[in-house]
Amino acid sequence: MIRSWMKTGAAEVLSRTGLDKVVGSFAASSGVPVVIGYHRVVEDFAASAANSIPSMLVSRQMLERHLDWIGHRFRFVSLDEVGARLEGSDSTVDPIAAITFDDGYRDFYDHAFPLLKQKGVPAAVFVVTDLVNTTGVQLHDKLYLLLARRVAARSSRPGDLAGLLQGLGISLPGIVAKAPYQAMRALLEALPQESLRRVAAALESEAPISEDTFKPFYSLTWEMLDRVQRAGMTIGSHTKTHVILTNESGPRVVDEVRGSKEEIERRLAMGVRHFAYPSGQFNTASVKAVAKAGYRFGYTVCSHRDGRHPQLTVPRTLLWENSCRDFRGAFSGPILNCQVHRAFDVVSGCRQPHRMSQECGNAQ
C-alpha cells in the first residue's frame, strides 16, 4: 500500500509539472514513438485472473480507458507509420502512438478487435504461428497453471519442485522459495524450450489439467487473422513456438524467426515486416537472425537497444489491468502518463537480461 501511495503521488507531481517527459527522456531513447503492448483481453479481469497470469490480462473496459486517454494525447498510427517515423521518411513531429498485442490469443478477436474497429484505432497482432488454428496453449500459461495448482493443492513439501527438477537433471538454485509466477519466470529465463516442455510434462503427470481449462488460452485461427488483416490491422511474427531466443541454439533461433515469417506470408499472402521478441529478450545473435530473416522492425519491452540494429530493437511499454491504477484501485491518468513516457524506468532500470555480446559494443 505504501509503495502504491508513493507511486500515485509521484505520478501526479510528475504529470502536473511536465517532468514525466523530462525524467522519462533519461531512460528512453529520444525520438522513438510510443508503442504500447498488451497480451490477453478479457471480459472479467477478476474471474480470468483466477486461472491466468494476472499481468498478462486487461479487461475490455480498462483497455477502452487506456485507448481513450492515449487517443486524446497522441495520434494512433500503424506500425508501418511508426517505421516511417523511425526511418526518417515521415518528417512530421506530432505525437504518435501504436497499439500492439502479443501472442495472438483468441480473446483479441472477441474483445479487442471489435473495440478497435469501433474507435478506428489501428493495431498490430504478433502471432505464434505453430499455435494458430490449434488447441495448443502457450507454454508459459501451462507452466503457470500447473505451478499454481500445485501450490494451491498443498500436496507437496516446499522443496519438492527442486526435487522434481533434479530428477530431470535440472538444477535451479533458489527455485524452492519462489511463488508460482516467480517460479515460472525463473524457469523461462533459465531453460531452453525442450527442457521447459519436460518440466511441464512432469508436472502434468502428477496432476493433469482438463482440456476445458485450456480453452481461454487458445490462439486465433488463420480465418480470424485474415479478417483482422483485411480490417487494416498489422500481423507480425512472435516466432513459431514462443521460444526465449536468448536460451536457444543458433539454428533454432534462425528456424523460429524465419519459419514464422514464411508461414504468415504463405497463409495470408502478405509481407511481414514486424517482429516482437518473446519476453522482450534479445542478444546479438537473435538480432542478427531477425535482420537476416528480412524483418524491418523488431520490438522489445524496454529502453535497451542494439546500436547496430536500432530499428530491430524498438522499445515498447507493456500495460495490463492494474498497471495504471492508483492506491485506491481506480484508473489513474497521471500513472498512465508516466508509463507512456517511461518515467518510472529511471527507478526500475532495464529489467531484461539481454546478455549482449561485446561485438555489439555500441548498444544503447
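Modeller: Of the 364 residues of the protein chain, 54% count as buried. This is a predicted model, in which local features need pLDDT of at least 70 and side-chain atom pairs count only at pLDDT 80 or more, while totals for chains, interfaces and linings use all residues. Residues are numbered from 1 along each chain as its sequence is written, and side-chain values use heavy atoms, with hydrogens and water left out.

Biologist: Thanks! What makes Thr-129 a buried residue?

Modeller: Buried means under 20% relative accessible area (exposed is over 50%, partly exposed in between, with a 1.4 Å probe and protein chains only). Thr-129 has 5%, so Thr-129 is buried. Thr-129 sits in the loop between strand S6 (123–127) and helix H7 (139–153). Helices (H or I, at least four residues) and strands (E, at least two) are DSSP runs, numbered from the N terminus.

Biologist: Which residues does Thr-129 contact, beyond its neighbours within four places in sequence?

Modeller: They are Trp-222, Thr-239, Lys-240, Ser-260, Glu-263 and Ile-264. Contact here means heavy atoms within 4.5 Å.

Biologist: Trp-222 and Glu-263 bring me to helices H12 and H13. Why is H12 called roughly perpendicular to H13?

Modeller: Helix H12 (residues 222–230) and helix H13 (residues 250–268) pack at about 75°, with their axes 10 Å apart. That makes H12 roughly perpendicular to H13, because 65 to 115 degrees counts as roughly perpendicular (under 35 is roughly parallel, over 145 roughly antiparallel and the rest oblique). The axes are lines fitted to C-alpha atoms, for helices over the stretch in contact, and angles run from 0 to 180 degrees between N-to-C directions.

Biologist: Which residues of H12 and H13 meet?

Modeller: Trp-222, Leu-225, Asp-226 and Gln-229 of H12 meet Glu-263, Ile-264, Arg-267 and Leu-268 of H13. By class, they are four nonpolar, one polar and three charged. Ala, Val, Leu, Ile, Met, Phe, Trp, Tyr, Cys and Pro count as nonpolar, Asp, Glu, Lys and Arg as charged, and the others, Gly among them, as polar.

Biologist: Val-228 is also in H12. How do you know that Val-228 is buried?

Modeller: Its relative accessibility is 0%, so Val-228 counts as buried. Leaving aside neighbours within four places in sequence, the contacts of Val-228 include Phe-108, Phe-113 and Val-125. The C-alpha atoms of Val-228 and Ala-123 are 9.6 Å apart, though 105 residues separate the two along the chain.

Biologist: What makes H4 and H6 roughly parallel?

Modeller: The axes of helix H4 (residues 60–71) and helix H6 (residues 107–119) come within 10 Å and cross at roughly 30°. H4 and H6 are therefore roughly parallel to each other. Among the residues making this contact are Leu-63 and Leu-67 of H4 and Ala-112 and Leu-115 of H6. The contact has five nonpolar, two polar and four charged residues.

Biologist: Which residues have the most contacts inside the largest nonpolar core?

Modeller: Leu-63, Ile-99, Phe-101, Phe-108 and Leu-116 do, in a core of 59 residues. Such a core is a set of buried Ala, Val, Leu, Ile, Met, Phe, Trp, Tyr and Cys residues joined through side-chain atoms within 4.5 Å. H6 gives the largest share of this core, six residues. Leu-63 is in contact with Tyr-38, Val-41, Val-58, Phe-101, Ala-112 and Leu-115, leaving aside neighbours within four places in sequence. A second, separate core has 31 residues, including Tyr-144 and Leu-187.
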